[in-house]
Amino acid sequence: MLRYIIKRVLEILPIIFVVSILSFLFIHFIPGDPARLVAGKDATLQDVQNVREELGLNDPIWKQYISYMGNLLQGNLGTSLKTGLPVSDMFSSRFMPSIYLTFFAMIWATIIGLLIGAISAVFKNKWPDYLGMVTAVSGISLPGFWLGLLLIQLFSVQLGMLPTGGSEGFKSYILPSLTLGAGIMSMIARFTRSSLLETLQTDYIRTGRAKGLKESVVIIQHALRNSLIPVVTIAGLQFGFLLGGSVVVETVFSFPGMGRLLIDSIAFRDYPVIQSALLLFAIEFIIVNLVVDILYSVLNPKIQIQS
Amino acid sequence: MTKKLLQVEELQTEFTRDKQKTRILHGVNFHINEGEVLGLVGESGCGKSLTSLSIMRLFQGTTGEITNGNIYFNDSNLVNLSDYEMRKLRGKQMAMIFQDPMTSLNPVMKIGKQLTEPIRVHLKLNKSEAREHAIAMLTKVGIARPDEIVDEYPHQLSGGMRQRVMIAMAMSCNPNLLIADEPTTALDVTIQAQILELMKKLQKEEKMSILLITHDLGVVAEMCDRVVVMYAGKVVEEASVYDLFENPKHPYSKGLIASVPKLGEKKDKLDSIKGNVPNPSNMPKGCKFAPRCNMAMPICHEQEPACLAIENDRLCSCWLYELETR
């Protein structure tokens, strides 16, 4: 197991390399010039030219890439063109809030999603199923920005219970994580329902009933675990996407996370920040996938992890 | 007089689809004596398996329900039992093994856990006692190194071993009745023989009754004391194994037995019964076998024959004999 994990972590390196080249190229292909923005509105052509020279933007792309990677390997993520602050400092205040937000969203979405899915499957075509699936369809159909605004309207404006956004500790996470998790909760609920329904038709479930087990034991101990593999796949993918920070939700709630930082940086063509953020997201995504693969082997003994 | 362990009377089971009820079992009658092996034979779709599921009341997740009839088992009528009482019976007094051992065990649960579940529920043993009991059961069904097998998963075992595990599980609470639904159909021939031998041995040792559902007449001849032949949701003939093979009465039974190839006989084509089992939602009038029967008379298409005793201990549902006895 440990060897497997080490092997998988080493596999990250070439992926990071490819990701870094691709993202570097894409960023520099976007039209727009950070030098013009750095130099300011009233700058002359000459000023812009000087800034370009200063920032090294006149070098050929491969040279810029090598100098960026050289710094990266020394643990230096570069300096933001916009703020002049080290990128790593900018990340350090933004990274954890996004991670927390994602975790909170995932935790409630998984618990509630599994619950709704399981109840819907057990009471197939009865009112709990209809209720559960209506909830799930709503959760998936409501766009994040709209659901977010609705929640703000209700809980912040009308009831005054929760802040509209910002960073006031745990309270500030509640509404954004509700908004962020709604779609995932719905997806998990739907996948759990269909997967569990399929499992409940299997021979070994009949065996369990023929043994004289309670229906609740049959469902929870025998059926649920067998139904979880597709659910883990979908939850893992979603989790990976969320870790990149949700631009929409972070914007609606003026949440100080990575998603908003990335959007701001793209608007400013803040190359070092964009580049490092993309790399970070790629790493996070790979780690989540690794965890999903390990979870598979925990859920299904037939899947053996080989070093 | 031997005591009857299970008596099924006029059993009717129906499924509902789009609010339309379809009757699959049209009044099934038979009984099993204590310590007896009864064979239930018939083509695919004749209602053999559904009869066994009806006895166990394993309808969860389907629309099946018993709409008429009685099932007497050990002095209680299973039709009237609550779900809770039924659950106390299942796995304890009546146990079941299924056709496909590859899919009948939970793939993500260790053999030991699956084996100890009924033991803990019904015999109220604690974890380590139940494990001991499970290992003893595995030894009993002829599994080598049982103390290692309990910690393995089903995919690590062969089909024959899995069926042995299923048998160990079914036998673990010492049931009065074992229902075996095509227990050897999915296994290859040498393993089939071993499994049948094992079942026979355990049946003798434990003095239990077996309801053996099969379409394999070779298995019937090997295992059973008496045979019930089913066709389209009804019993058409009941006889001792010897009588049935020696002198089948019902034209359907005759056809079944004629369709078994005999050793040393040279034929280009096997005998078969022409046609198919009728569709349950569109049953023919009169005797359900009449459209396929080469001895059918006008009355067969009009009225259903009753199931009558034709010789000692033999029942047959056919106008040929009913007219005779009149």
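**Note on the predicted two-chain model**

1. Confidence in chain A. In this predicted model, chain A has a mean pLDDT of 86, and 98% of its residues reach 70 or more. Within chain A, the lowest confidence falls in helix H2 (residues 34-39) of chain A, with a mean of 77, whereas the highest is found in helix H9 (residues 203-210) of chain A, at 93.

2. Make-up of chain A. Chain A contains 13 helices and 0 strands, and the order of its elements from the N terminus is accordingly written α-α-α-α-α-α-α-α-α-α-α-α-α. The C-alpha trace of chain A spans about 85 × 55 × 30 Å along its principal axes.

3. An unreviewed UniProt entry lists residues 12-30, 99-123, 130-152, 172-191, 228-253 and 273-299 of chain A under "transmembrane region". Two of these spans can be compared with the model: residues 130-152 of chain A are 91% helix and 0% strand, with end C-alpha atoms 28 Å apart, while residues 273-299 of chain A are 100% helix and 0% strand, with end C-alpha atoms 39 Å apart.

4. Contact between the chains. In the model, 26 residues of chain B are in contact with 21 residues of chain A. On the side of chain B that touches chain A, at least two residues each come from helix H2 (83-89), strand E6 (94-97), helix H3 (101-104) and helix H4 (111-123) of chain B. The most is given by H4(B), which supplies 4 residues to that side. By class, the residues on the side of chain B that touches chain A comprise 12 nonpolar, 8 polar and 6 charged.

5. Packing of H4(B) against H5(B). Two packed helices are described by the angle between their axes and the distance between the axes. For H4(B) and helix H5 (residues 127-140) of chain B, the axes come within 9 Å and cross at roughly 110 degrees. Angles of 65 to 115 degrees count as roughly perpendicular, and H4(B) and H5(B) are therefore roughly perpendicular to each other. The crossing of H4(B) and H5(B) is right-handed.

6. Residues at that crossing. From H4(B), the residues Gly112(B), Leu115(B), Thr116(B), Ile119(B) and Arg120(B) meet Ala130(B), Arg131(B), His133(B), Ala134(B) and Met137(B) of H5(B). Sorted by class, this contact of H4(B) with H5(B) has 5 nonpolar, 3 polar and 2 charged residues.

Notes: Residues are numbered from 1 along each chain as its sequence is written. Chains are lettered from A and ligands numbered from 1 in the order in which they are written. This is a predicted model: local features need pLDDT of at least 70, side-chain atom pairs count only at pLDDT 80 or more; totals for chains, interfaces and linings use all residues. Two residues are in contact if their C-beta atoms, placed from the backbone, lie within 7 Å. Ala, Val, Leu, Ile, Met, Phe, Trp, Tyr, Cys and Pro count as nonpolar, Asp, Glu, Lys and Arg as charged, and the others, Gly among them, as polar. UniProt positions are given in the numbering used here, feature names are shortened, and annotations may be inferred rather than shown by experiment. Axes are lines fitted to C-alpha atoms, for helices over the stretch in contact, and angles run from 0 to 180 degrees between N-to-C directions. Angles under 35 degrees count as roughly parallel, over 145 as roughly antiparallel, 65 to 115 as roughly perpendicular and the rest as oblique. A crossing is left-handed if the near helix is turned anticlockwise from the far one by less than a right angle, and right-handed if clockwise. pLDDT is the predictor's confidence in each residue, from 0 to 100.
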